[in-house]
Amino acid sequence: MKKLTEREDQIMQLVWQTEPVFIRDIVDQLPDPKPHYNSVATIVKILVKKGFLTSVKMGNTDQYSAKIKMETYRQVEVKAMQKKYFGNSLPKMMAHFAKQEDLSDQEIQELIALIKSKKS
């Protein structure tokens with residue numbers, strides 16, 4: 001699976017949240033200053049070519065939906081980050097995030113319970 005650029009990721013986030021969408025829907029949801037319609041259309045076409053989006057003709061325009069689910073892409077990206085930055089060690093990655101975040105006692109207990117439930 002190919003990695004998304006920052007703008008592609010931004011567009012995919014919008015599609016995952018509100019699909020199906022038209023290009024004008026994406027433009028409307030992007031923050032100001034909004035990119036030109038044609039710029040968004042170009043990125044959407046790239047996403048179709050990369051296999052992230054699928055389109056259906058609706059009159060004289062296309063409606064787009066995600067071909068790859070957010071959970072699938074997130075899993076691939078997290079695995080790549082784990083491999084690249086943490087020697088492919090999940091415990092090292094989790095320890096890093098636990099140290100970086102100001103976790104409450106309740107959040108720590110929830111994580112411990114989640115880990116224990118996966119061991120059963």
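Is Asn88 buried, partly exposed or exposed? I began my notebook with that. The model is a predicted one, and I kept that in mind for each entry.

**Entry 1**

I looked up the accessibility of Asn88 and found 42%, so Asn88 counts as partly exposed. The cut-offs put buried under 20% and exposed over 50%, with partly exposed in between. I placed Asn88 in the loop between α4 and α5. I noted the background: most residues other than glycine have a negative phi. I then checked Gly87, which follows α4, and its phi is positive too, near 55°.

**Entry 2: Gln82 and helix α4**

I went back into helix α4 and stopped at Gln82. I read a relative accessibility of 7% for Gln82, so this residue counts as buried. What does Gln82 touch, not counting residues up to four places away in sequence? I listed Gly87, Asn88, Ser89, Leu90 and Met93. The Asn88 of my first entry is therefore one of the contacts of Gln82, as the cut-off for contact is heavy atoms within 4.5 Å.

I then took α4 as a whole. I counted 17 residues in α4 and read a span of 23 Å from first C-alpha to last, close to the 24 Å expected at 1.5 Å a residue. The buried residues of α4 are Tyr73, Gln82 and Phe86. I noted that the cover over these buried residues includes α1 and α5.

**Entry 3: Helix α1**

Since α1 had come up as cover, I turned to that helix next. Helix α1 runs over residues 6-18, which makes 13 residues. Its span is 19 Å, close to the expected 18 Å. Which residues of α1 are buried? I wrote down Glu8, Ile11, Met12, Leu14, Val15 and Trp16. I looked for what lies over the buried residues of α1 and found that the cover includes α2, α3, β1, β2 and α4.

**Entry 4: Salt bridges**

How many salt bridges does a search of the whole structure find? The count is 4. I recalled that side chains of opposite charge can pair when their charged atoms come close.

- I found Lys3 in a salt bridge with Glu77, with the closest N and O atoms 2.7 Å apart. Lys3 lies in the segment before α1 and Glu77 in helix α4, so the pair ties together parts that are 74 residues apart in sequence. Lys3 is exposed at 56% relative accessible area, whereas Glu77 is partly exposed at 24%.
- I found Asp32 and Lys34 joined by a salt bridge at 3.9 Å, N to O. Asp32 is exposed at 65%, and Lys34 is partly exposed at 38%.
- I found Lys57 and Asp62 joined by a salt bridge at 4.0 Å, N to O. Lys57 is exposed, with a relative accessible area of 55%.

**Entry 5: Cis peptide bonds**

The bond from Glu19 to Pro20 is cis, with omega near -5°. I placed Pro20 in the loop between α1 and α2. The bond from Asp32 to Pro33 is also cis, with omega near -5°. Pro33 sits in the loop between α2 and α3. I noted that Asp32 is also a partner in the salt bridge with Lys34.

**Entry 6: Met58**

I picked Met58 in strand β1. Met58 is partly exposed, at 39% relative accessible area. Leaving aside neighbours within four places in sequence, I found Met58 in contact with Phe22 and Gln63. I then took the distance from Met58 to Pro91: 33 residues in sequence, and 48 Å in space from C-alpha to C-alpha.

**Entry 7: The largest pocket**

The largest pocket holds about 380 Å³. Of its 13 lining residues, the closest to the centre are Leu90, Met94, Leu111, Leu114 and Ile115. Which elements give two or more residues to the lining? They are α5 and α6. I sorted the lining by class and got 12 nonpolar, no polar and 1 charged residues.

Conventions: Residues are numbered from 1 along each chain as its sequence is written. This is a predicted model: local features need pLDDT of at least 70, side-chain atom pairs count only at pLDDT 80 or more; totals for chains, interfaces and linings use all residues. Side-chain values use heavy atoms; hydrogens and water are left out. Helices (H or I, at least four residues) and strands (E, at least two) are DSSP runs, numbered from the N terminus. The expected span of a helix is 1.5 Å times one less than its number of residues. Buried means under 20% relative accessible area, exposed over 50%, partly exposed in between (1.4 Å probe, protein chains only). A salt bridge is a side-chain nitrogen of Lys or Arg within 4 Å of a carboxyl oxygen of Asp or Glu. On a 1 Å grid over the protein atoms alone, a cavity is a set of points where a 1.4 Å probe fits but cannot get out, and a pocket is an open set with protein on both sides within 12 Å along at least five of seven lines; lining residues have an atom within 4 Å of a point. Grid points are joined across faces, edges and corners, and a volume is the space filled by probe spheres set on the points. Ala, Val, Leu, Ile, Met, Phe, Trp, Tyr, Cys and Pro count as nonpolar, Asp, Glu, Lys and Arg as charged, and the others, Gly among them, as polar.
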